[in-house]
Amino acid sequence: MALFPAFAGVSEAPDSGSARKELDWLSNPSFCVETVTTLSQQAEEAAALVSEGSPLTRSPLKSELSDESDSNRNLRQASRKKKKEKKKKRKHQHHKKTKRKRGQSSSSGSELDTDSEKDKSPRGLRGGNRGPETLSQEKNAAAAAAGPRCVWLEDIQALTGETFRTDKKPDPANWEYKSLYRGDIARYKRKGDSCLGINPKKQCISWEGAPTGKKRAHKHVERYFTKKNVGLMKADGVAVSRQTDPPSSAPLSFIPVKDSDDVAPPVTTWLNPLGIYDQSTTQWLQGQGPSEQESKQPDSQPDREDALLKARVEEFNRRVRENPRDTELWMAFVAFQDEVMRSPGLYAIEEGEQEKRKRSLKLILEKKLAILERAIDSNPGSVDLKLAKLKLCTELWEPSTLVKEWQKLIFLHPNNTALWQKYLLFCQSQFSTFSISKIHSLYGKCLSTLSAVKDGSILSHPELPGTEEAMFALFLQQCHFLRQAGHAEKAVSLFQAMVDFTFFKPDSVKDLPTRGQVEFFEPFWDSGEPRAGEKGARGWRAWMHQQERGGWVVINPDDDDDEPEEDDQDIRDKTLPRWQIWLAAERSRDQRHWRPWRPDKTKKQTEEDCEDPERQVLFDDIGQSLIRLSSQALQFQLIVAFLQFLGVPAGFSPPAACLYLAMDENSIFDNGLYDEQPLTFLNLSFSGVSCVGRTDQLGCRRWTRGHSREGEEFIRNIFHLVMPLFSGRERSQLCSSWLRYEIAKVIWCLHTKNKKRLKSRGKNCKKLAKNLLKEPENCNNFCLWKQYAHLEWLLGNTEDARKVFDTALSTAGSRELKDPEVCELSLLYAELELELAPDTRVATAARAVHILTRLAESSPYGPYTGQVLAIHILKARKAYEHALQDCLCEDRVSDPAATASLSRLVSVVKCFMLFQYLTIGIDAAVQIYEQVFAKLKGSLSPEGPGLEASACPPSVSSVLEAVTLMYTSLLRFHMKVSVYPLAPLRQALSEALRLYPGNQVLWRSYVQLQSKSHSASKTRRFFGAITRSAAPLEPWLFAIEAEKMRKRLVKTVQRWQGGLRHNS
């Protein structure tokens, strides 16, 4: 018998002698005849099926195969049902892997023999001991399964060329097993969960193991702050508009509603029987379309917006063409490009270009740059246009190119102080080219160039108005830059040199230009003689005269140590961490080494004995920065700025050009004395600018502690040197600053409860106050009397303080309400009495009423003897009312030169408000404030845009600001001692901050008031409105502080294991 059924006919052919010998290896005696017959028939049917699919031959057995295929479909459906039942059983067993037994596989094989369509993988027939019958049945099943799938090339007689066969029958082994044997086929990666050749409607495959596809995550609802939705929010929305009637000029008291009679009846047709369709719908029902004119009419909202933008662009082009010299018009045209690029359809050429243009920052910058270049060509001398171009090119050019362009601009305009200011800020902000020595030399070059312009040495560029004031501001900016950079010695040396260069200049060099005077000043600086602030300093002029006579006679002064030496600077706890020891050492050095180091001739020191060479200041470090100040006001501001730089509260605020650059501490956010004593707190007004010799931690309060013994001696020498240079009001201000500085150190001792230091400093402070009052110029200086009495009150000497107050008021005589200083003295006396302990508040209130009542009377002041009679209170109220009306009705209120009348107005309003509060109540004080506020606000401006933008004299604004501070302090004190709503204080602070957005005291009160509210939305809206309209930086700083305070408040309440835990 033939081993292969396909060659049965070949083996039995009679005329195949030679072929028989070649095919003997195909004979197999153990093969059954029934099996051979069956297999040969199946092979013929398969060959006929293949020939039918081939284009070369046709099969005559098509009908038989179709009948057989129908029967095979029924068998397939039955087998599929069985498969589904097996899958359901697997799911009930929690997807556990099971192996079929040998008997189950044999039974399934027998079922497949009868069906002649069920396939079985060879791996499914592996394993175990089998009987001979079972083996024969499995062989028959395997042959039957392989019959229709295997076709031998020799059976097909009409083959020419290559032949392909498509096997559409799936392999059941892929359904039963996890995968094919890896040795049978090549490795592959499954894509998806389906299988080729199955009917997806009726068949499915459950793959074991991890699925290849990614699990579809549950789509959460996206919030508004996600990246996708933020982009949607930034997109410009389409404005909704409708056709409305033109508005009438006459105002309407109601909204008119059209009656049914006014509406035209609908036209009914056979297509529109109810009259509810519009014209376009009717045309659509008729099979018609809109006319060409209607389809082309640009009535959509984007088209109208593009038309408006195009009209505005044409208008700008026409105006700049007609007025090319108008720089403001060019700047407006540049700013208009942002609005144009938000709707880029005007310049879009192809689809998708709108979005590209809308998001292209470079395109906007290039368009602005092109406009600015056209503007500069028409206005080559405009500095504003060139600055706008440089600012715009910051995003496009490299830093080196920008520096070169800035240098060219400075070379062309060396006399422009505003340009120098921006150039210095630009150089300080460039990280790649920044260095302290380079910036310091740039400041020197700037001041020396401006000095040459002021002297007339540069003939091509004349001096511009305000050059001297701008030079002084740049000098202060340089000093604060050196202090912040850690070179306090150079900053102090600059102030020392300026004091000698300004006040002690020899008469022989006054007519020389600045450069010549600096050359004569260099020998004095290098001579080693004492400078301003050092012991034995006599000045440049005295040194020049003495050099002509033969030199100085050296006198060794005796040392007086009135204050004990602070020996805690070098004593440190060695057990602390290394970083804390290092920080303490740096703070100690910063406190002691802020003065420049100079060799002590008495100790035979030389320059080589200096441990830190950076502490030595040479003339080359300060020579270029020396400037001439011819104005008396600027000369006095130089001294006051120097004292403020050393930590003395002299009441000086840096110019607006350099204020925010020098502001570097957070003491403006917190003032404990203001919270404890809202009426009588000592406002030192440092404006957030730090001083030398102090490195405090972030978040701590600003206290004037004083310096070391050498530092305090340095400050005293400054006062002794400069006080003889001034007289009158300026000298009085210097004395007041000196005494206020000593009082501030006493307050710090009270805060730290250091009794030993408090006793010594209190003694020195009282001694200074008495010495100042003994001078003939200060006998009637009520400002010094007020501070001396306040000092006694702070030290706890209440009776002594009352005696000082009574003595000062008795010497004033019967000036009534005409002297502002007497009014301020009486006001402080009454406020101190009012802020005494709660148990004695009734008696102290009576004393305060007595003080304010005697102030309004025409008779001299007398000490307190008892309750004030009602008749005296009524007379005092009438006097206050008449004085207030006289001050408000004066025409000099709007005159900036009448400072005396404005000071009197402030004092009268303060005293009258406190008097009404003590005698009637808080509502009476509120009425006085509202009356004054309405009167002065009307004189500010119609809209009240703020102090900076107001066209009124600044003195009127300062009056209203001082009155508002007094009113808010009174409200805070009243809420501290009694129950009162927050609405009046919140409203007063809001109105005042809109007028004075740079007032730090008002902002501090507002933030502390709003921090008690649980809702921050109102506060944030207020900050947003102020920051959009105001130029100062304080609103931004206090907005950040408000958020920090709210964060701390939220953190005080924490959730712990389902409960609330309150942190104190």
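Glu961 is found in helix α38, which covers residues 954-977. Helices here are DSSP runs of H or I with at least four residues, strands are runs of E with at least two, and both are numbered from the N terminus. This is a predicted model, in which local features need pLDDT of at least 70 and side-chain atom pairs count only at pLDDT 80 or more, while totals for chains, interfaces and linings use all residues. Residues are numbered from 1 along each chain as its sequence is written, and side-chain values use heavy atoms, with hydrogens and water left out.

What is the setting of Glu961? Glu961 is buried and yet has no salt bridge. Buried means under 20% relative accessible area, exposed means over 50%, and partly exposed lies in between, with a 1.4 Å probe and protein chains only. A salt bridge is a side-chain nitrogen of Lys or Arg within 4 Å of a carboxyl oxygen of Asp or Glu. Lys and Arg count as positive and Asp and Glu as negative, whereas His and the chain ends are not counted. For Glu961, the nearest side chain of opposite charge is Lys910, 11 Å away. Setting aside residues up to four places away in sequence, Glu961 touches Tyr996 and Asn999. Such a contact means heavy atoms within 4.5 Å.

Helix α38 also holds His974. His974 counts as buried because its relative accessible area is 12%. Apart from neighbours within four places in sequence, His974 is in contact with Tyr917, Ile922 and Tyr980.

Next comes the chain as a whole. Of its 1064 residues, 40% are buried. Among contacts with a separation of 6 or more, 64% are between residues 24 or more positions apart. The chain exposes about 63900 Å², of which carbon and sulfur atoms supply 53%. Accessible areas come from the Shrake-Rupley method with a 1.4 Å probe, and for residues only the protein chains shown count as cover.

How many salt bridges does a search of the whole structure find? The search finds 21. One of them joins the side chains of Glu713 and Lys535, with N to O at 2.8 Å. Glu713 lies in helix α28 (residues 709-722) and Lys535 in the loop between α21 and α22 (540-549), so this pair ties together parts that are 178 residues apart in sequence. Lys535 is partly exposed because its relative accessible area is 36%.

A salt bridge also forms between the side chains of Glu712 and Lys745, again at 2.8 Å from N to O. This pair links distant parts of the chain, with Glu712 in helix α28 and Lys745 in helix α29 (residues 729-752), 33 residues apart. Both Glu712 and Lys745 are buried.

In the salt bridge of Glu1041 with Arg1048, the closest N and O atoms are 3.6 Å apart. Glu1041 is buried, with a relative accessible area of 9%, while Arg1048 is partly exposed at 45% relative accessibility. Elsewhere, Glu315, Arg318 and Glu322 are linked in a network of salt bridges.

The surface carries patches. Patches are made of residues with over 30% relative accessible area and no salt bridge; like charges are joined within 9 Å, and nonpolar side chains (Val, Leu, Ile, Met, Phe, Trp, Tyr) within 5 Å. The place of a charge is taken as NZ of Lys, CZ of Arg, CG of Asp or CD of Glu. Glu519, Glu522, Asp526, Glu607, Glu608, Asp609 and Asp620 form a negative surface patch. Helix α21 (residues 514-526) gives the most to this patch, with three residues. Glu607 sits in the loop between α23 (578-592) and α24 (619-622), and Glu607 is exposed because its relative accessibility is 54%.

Leu274, Ile276, Tyr277, Trp284 and Leu285 form a nonpolar patch on the surface, with about 600 Å² of accessible area together. Ile276 is in the loop between α8 (227-234) and α9 (279-285), and Ile276 is exposed at 59% relative accessible area.

Leaving out residues up to four places away in sequence, Thr282 touches Leu271, Asn272 and Tyr277. The C-alpha atoms of Thr282 and Leu271, which are 11 residues apart along the chain, are separated by 7.0 Å.
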